[in-house]
Amino acid sequence: VQLQASGGGLVQAGGSLRLSCRASGSIFTINSMGWYRQAPGKQRELVAVLATGGNINYAYSVKGRFTLSRDSAKNTVYLQMNSLKPEDTAVYYCNADGQVVLNLEPFTSWGQGTLVTVSS
């Protein structure tokens, strides 16, 4: 399963960006899908993930500013990021896990990462 992410870029503090991530391949089901980020010198951390049942987990630092949504028909998730802060600067990685069609084998995939830079 491949994940194609897009939408990163440079924005001023207070601005907005929308990230997109589309999953493709022989997908039987996607159990969870969302975004992580890794800032320079820091560990990768969860930003927002949509899990089975529709629950969305947000990092405390982005609650109220970021919104995760999903288009199931397109196997795509979107991360709307508003009121961006310099500390949101990071490489954002899309992640998905679920099962593929062949023998219903589980999969976990990561996108290539997209850079978000927020200037002060």
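Two strands are said to pair if DSSP finds at least two bridges between them. The model shown in these close-ups is a predicted one.

**View 1. The four-stranded sheet.** An open sheet is built from four strands in the order E1-E3-E8-E7, and its pairing is antiparallel. E1 and E7 are the edge strands, each pairing on one side only. From one strand to the next, the twist averages 15°. Strands of a sheet pair through backbone hydrogen bonds, either parallel or antiparallel.

**View 2. Strand E8 and its two partners.** E8 is joined to E7 by six bridges, and the two strands run antiparallel. Thr67 stands opposite Gln80 of E8. E3 and E8 also pair in the antiparallel sense, over six bridges. Here Ser20 faces Tyr78 of E8, and Cys21 has Val77 of E8 as its bridge partner. Because five of the six residues of E8 are buried, this strand is largely enclosed by the rest of the structure. In a regular strand the side chains alternate between the two faces of the sheet.

**View 3. The largest nonpolar core.** This core holds 31 residues. Those with the most contacts inside it are Met33, Trp35, Val47, Phe66, Leu79, Met81 and Tyr92. At least two residues of the core come from each of the strands E1 (2-6), E3 (17-24), E4 (27-38), E5 (45-50), E7 (66-71), E8 (76-81), E9 (90-100) and E11 (114-119). E9 gives the largest share, five residues. In soluble globular proteins, nonpolar side chains tend to be buried together.

**View 4. Surroundings of Leu79.** Leu79 is among the core residues with the most contacts inside the core. Residues up to four places away in sequence aside, Leu79 touches Leu17, Arg18, Leu19, Trp35, Val47, Ala48, Phe66, Thr67, Leu68 and Tyr92. Of these, Trp35, Val47, Phe66 and Tyr92 are also listed with Leu79 among the core residues with the most contacts.

**View 5. The hairpin of E7 and E8.** Four residues lie between the two strands of this hairpin, and Asn75 takes a positive phi near 50° in it. Most residues other than glycine have a negative phi, and most peptide bonds are trans. Asn75 is not a glycine, yet its phi is positive. Asn75 belongs to the loop between E7 and E8.

View 6. Ser83 has a positive phi near 50°, although the residue is other than glycine. The relative accessibility of Ser83 is 40%, so Ser83 counts as partly exposed. Asn82 also counts as partly exposed, at 29%. Leaving out residues up to four places away in sequence, Asn82 touches Gly15, Ser16, Arg65 and Phe66. Asn82 and Thr29 are 53 residues apart along the chain, and their C-alpha atoms are separated by 30 Å.

**View 7. Arg44 and two aromatic rings.** The charged end of Arg44 sits over the ring of Tyr93, at 3.8 Å from the ring centre. This charged end also sits over the ring of Trp110, where the distance to the centre is 4.6 Å.

**View 8. Val91 in strand E9.** Val91 is a residue of strand E9. At 24% relative accessibility, Val91 counts as partly exposed. When neighbours within four places in sequence are set aside, Val91 is in contact with Tyr36, Arg37, Gln38, Gly113, Thr114 and Leu115. Val91 and Gly34 are 57 residues apart in sequence, and their C-alpha atoms are 14 Å apart in space.

Methods. Residues are numbered from 1 along each chain as its sequence is written. This is a predicted model: local features need pLDDT of at least 70, side-chain atom pairs count only at pLDDT 80 or more; totals for chains, interfaces and linings use all residues. Side-chain values use heavy atoms; hydrogens and water are left out. A nonpolar core is a set of buried Ala, Val, Leu, Ile, Met, Phe, Trp, Tyr and Cys residues joined through side-chain atoms within 4.5 Å. Buried means under 20% relative accessible area, exposed over 50%, partly exposed in between (1.4 Å probe, protein chains only). Contact means heavy atoms within 4.5 Å. Axes are lines fitted to C-alpha atoms, for helices over the stretch in contact, and angles run from 0 to 180 degrees between N-to-C directions. A charge sits over a ring if NZ of Lys or CZ of Arg is within 6 Å of the ring centre and within 35 degrees of the ring normal.
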